[in-house]
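Please read them with the structure open beside you.

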Amino acid sequence: MPDGNALLGTIGAIHAAGLDAELWPQTLASVARLLGSSAATLESYDPLSGRLLELHAFGIPPTEQLGYFEHYAVINPRATYALRQPTIDLVWDYQVLDETAMDRDPYYSEFLPRTDFRYFLSGTLFRTVGRNSIVSIQRTRSQGHVEAA
(Lines give C-alpha, C1' and ligand atoms only; values in the text may rest on other atoms or scores of the structure.)
Protein backbone atom coordinates (compact mmCIF):
# COMPACT_ATOMS: atom_id res chain seq x y z
CA MET A 1 0.00 0.00 0.00
CA PRO A 2 1.44 3.42 -0.92
CA ASP A 3 2.41 5.79 1.84
CA GLY A 4 0.38 8.93 2.45
CA ASN A 5 3.05 11.35 1.22
CA ALA A 6 3.39 9.54 -2.11
CA LEU A 7 -0.39 9.50 -2.53
CA LEU A 8 -0.76 13.20 -1.70
CA GLY A 9 2.16 14.07 -3.99
CA THR A 10 0.56 12.18 -6.86
CA ILE A 11 -2.80 13.84 -6.29
CA GLY A 12 -1.09 17.24 -6.34
CA ALA A 13 0.73 16.33 -9.56
CA ILE A 14 -2.56 15.29 -11.20
CA HIS A 15 -4.15 18.62 -10.31
CA ALA A 16 -1.12 20.53 -11.68
CA ALA A 17 -1.12 18.53 -14.94
CA GLY A 18 -4.79 19.33 -15.40
CA LEU A 19 -3.71 22.96 -15.72
CA ASP A 20 -0.51 22.34 -17.70
CA ALA A 21 -0.49 19.42 -20.15
CA GLU A 22 3.33 19.53 -20.33
CA LEU A 23 3.33 18.00 -16.83
CA TRP A 24 1.48 14.81 -17.80
CA PRO A 25 4.54 12.61 -18.45
CA GLN A 26 6.06 13.27 -15.02
CA THR A 27 2.62 13.03 -13.40
CA LEU A 28 2.02 9.65 -15.03
CA ALA A 29 5.47 8.56 -13.80
CA SER A 30 4.27 9.39 -10.29
CA VAL A 31 1.07 7.39 -10.86
CA ALA A 32 3.10 4.43 -12.16
CA ARG A 33 5.45 4.47 -9.15
CA LEU A 34 2.56 4.82 -6.73
CA LEU A 35 0.80 1.78 -8.18
CA GLY A 36 3.90 -0.38 -8.67
CA SER A 37 3.87 -0.36 -12.44
CA SER A 38 6.26 0.35 -15.30
CA ALA A 39 4.09 2.66 -17.36
CA ALA A 40 0.97 4.80 -17.24
CA THR A 41 -1.18 6.46 -19.86
CA LEU A 42 -3.98 8.97 -20.08
CA GLU A 43 -5.79 8.65 -23.38
CA SER A 44 -8.95 9.80 -25.09
CA TYR A 45 -10.37 8.31 -28.24
CA ASP A 46 -13.47 8.42 -30.40
CA PRO A 47 -15.45 5.26 -29.56
CA LEU A 48 -17.12 5.14 -32.99
CA SER A 49 -14.03 5.40 -35.18
CA GLY A 50 -11.43 4.23 -32.65
CA ARG A 51 -9.35 7.29 -33.55
CA LEU A 52 -7.00 8.44 -30.82
CA LEU A 53 -7.85 12.00 -29.79
CA GLU A 54 -5.26 12.55 -27.07
CA LEU A 55 -2.45 10.55 -25.49
CA HIS A 56 -0.18 11.35 -22.58
CA ALA A 57 2.20 8.60 -21.51
CA PHE A 58 5.08 7.55 -19.33
CA GLY A 59 7.15 4.42 -19.90
CA ILE A 60 5.73 3.26 -23.23
CA PRO A 61 7.44 3.39 -26.62
CA PRO A 62 5.89 5.71 -29.21
CA THR A 63 2.83 4.00 -30.69
CA GLU A 64 4.10 4.45 -34.27
CA GLN A 65 7.08 2.22 -33.43
CA LEU A 66 4.87 -0.64 -32.32
CA GLY A 67 2.33 -0.97 -35.12
CA TYR A 68 -0.45 -0.70 -32.55
CA PHE A 69 -2.96 1.28 -34.62
CA GLU A 70 -2.09 -0.53 -37.85
CA HIS A 71 -2.97 -3.97 -36.49
CA TYR A 72 -3.29 -4.53 -32.77
CA ALA A 73 -5.80 -1.84 -31.77
CA VAL A 74 -8.62 -3.67 -33.54
CA ILE A 75 -7.80 -7.02 -31.89
CA ASN A 76 -7.11 -5.68 -28.39
CA PRO A 77 -9.28 -7.90 -26.14
CA ARG A 78 -8.99 -5.40 -23.29
CA ALA A 79 -10.64 -2.64 -25.33
CA THR A 80 -13.23 -5.00 -26.79
CA TYR A 81 -14.23 -6.11 -23.30
CA ALA A 82 -14.37 -2.58 -21.89
CA LEU A 83 -16.44 -1.23 -24.76
CA ARG A 84 -19.05 -3.99 -24.33
CA GLN A 85 -19.76 -2.94 -20.75
CA PRO A 86 -22.67 -0.50 -20.34
CA THR A 87 -20.84 1.33 -17.57
CA ILE A 88 -17.43 0.51 -16.30
CA ASP A 89 -15.09 1.87 -13.71
CA LEU A 90 -12.11 -0.49 -13.60
CA VAL A 91 -10.82 -3.20 -15.94
CA TRP A 92 -7.93 -5.61 -15.41
CA ASP A 93 -6.64 -8.63 -17.29
CA TYR A 94 -8.29 -11.45 -15.37
CA GLN A 95 -11.72 -9.96 -16.11
CA VAL A 96 -10.90 -10.39 -19.78
CA LEU A 97 -8.74 -13.54 -20.09
CA ASP A 98 -7.00 -16.08 -17.90
CA GLU A 99 -3.27 -16.84 -18.24
CA THR A 100 -3.79 -19.68 -20.73
CA ALA A 101 -6.00 -17.54 -22.96
CA MET A 102 -3.46 -14.68 -22.74
CA ASP A 103 -0.73 -17.03 -23.96
CA ARG A 104 -2.85 -17.89 -27.03
CA ASP A 105 -4.10 -14.38 -27.79
CA PRO A 106 -2.11 -12.44 -30.46
CA TYR A 107 -2.39 -9.16 -28.55
CA TYR A 108 -0.82 -10.74 -25.46
CA SER A 109 1.56 -13.13 -27.21
CA GLU A 110 2.77 -10.93 -30.11
CA PHE A 111 2.21 -7.29 -29.26
CA LEU A 112 2.76 -6.97 -25.50
CA PRO A 113 6.12 -8.81 -25.45
CA ARG A 114 7.50 -5.99 -27.64
CA THR A 115 6.97 -3.65 -24.71
CA ASP A 116 7.77 -6.12 -21.92
CA PHE A 117 4.25 -5.54 -20.53
CA ARG A 118 1.86 -8.32 -19.60
CA TYR A 119 -0.78 -6.91 -17.24
CA PHE A 120 -2.81 -3.74 -16.93
CA LEU A 121 -5.33 -1.89 -14.83
CA SER A 122 -7.44 0.85 -16.34
CA GLY A 123 -10.14 3.18 -15.15
CA THR A 124 -12.68 5.05 -17.21
CA LEU A 125 -12.62 8.74 -16.43
CA PHE A 126 -15.61 9.54 -18.61
CA ARG A 127 -17.50 8.10 -21.54
CA THR A 128 -19.67 10.04 -23.97
CA VAL A 129 -20.96 9.32 -27.48
CA GLY A 130 -17.94 11.06 -29.02
CA ARG A 131 -15.17 10.56 -26.47
CA ASN A 132 -13.87 7.92 -24.08
CA SER A 133 -11.11 8.87 -21.67
CA ILE A 134 -9.22 6.33 -19.61
CA VAL A 135 -6.17 6.15 -17.41
CA SER A 136 -4.17 2.93 -17.30
CA ILE A 137 -1.09 1.36 -15.82
CA GLN A 138 0.99 -1.38 -17.42
CA ARG A 139 2.87 -4.05 -15.49
CA THR A 140 5.57 -6.46 -16.58
CA ARG A 141 5.33 -10.21 -16.09
CA SER A 142 7.76 -9.95 -13.16
CA GLN A 143 5.64 -7.22 -11.52
CA GLY A 144 2.67 -9.55 -11.80
CA HIS A 145 -1.05 -9.09 -12.10
CA VAL A 146 -2.61 -6.31 -10.05
CA GLU A 147 -3.75 -7.18 -6.55
CA ALA A 148 -6.62 -5.87 -4.45
CA ALA A 149 -4.41 -3.31 -2.66
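1. D103 forms a salt bridge with R118, the closest N and O atoms lying 2.9 Å apart; a salt bridge here is a side-chain nitrogen of Lys or Arg within 4 Å of a carboxyl oxygen of Asp or Glu. The pair links distant parts of the chain, with D103 in helix α7 and R118 in strand β4, 15 residues apart. Helices (H or I, at least four residues) and strands (E, at least two) are DSSP runs, numbered from the N terminus.

2. Before going further, please note that this is a predicted model, in which local features need pLDDT of at least 70 and side-chain atom pairs count only at pLDDT 80 or more, whereas totals for chains, interfaces and linings use all residues. Residues are numbered from 1 along each chain as its sequence is written, and side-chain values use heavy atoms, with hydrogens and water left out.

3. R118 also meets E99 through their side chains in a salt bridge (2.7 Å, N to O). Because R118 lies in strand β4 and E99 in helix α7 (residues 99-104), this pair ties together parts that are 19 residues apart in sequence.

4. Buried means under 20% relative accessible area, exposed over 50%, and partly exposed in between (1.4 Å probe, protein chains only).

5. A search of the whole structure finds four salt bridges, and one of them joins the side chains of D93 and R78 (3.3 Å, N to O). D93 lies in helix α6 and R78 in helix α5, so the pair ties together parts that are 15 residues apart in sequence. D93 is buried, with a relative accessible area of 0%, and R78 counts as buried at 5%.

6. The side chain of D93 reaches the backbone nitrogen of F120 at 2.6 Å, a polar contact (a pair of N or O atoms within 3.5 Å; within protein, one must be able to donate a hydrogen and the other to accept it, and residues adjacent in sequence count only if both atoms are side-chain atoms).

7. The buried residues of helix α5 (residues 77-84) are P77, R78, Y81 and A82. Seen down the axis of α5, these residues fall within an arc of 130° (taken from the directions from the helix axis to the C-beta atoms), so they line one face of the helix.
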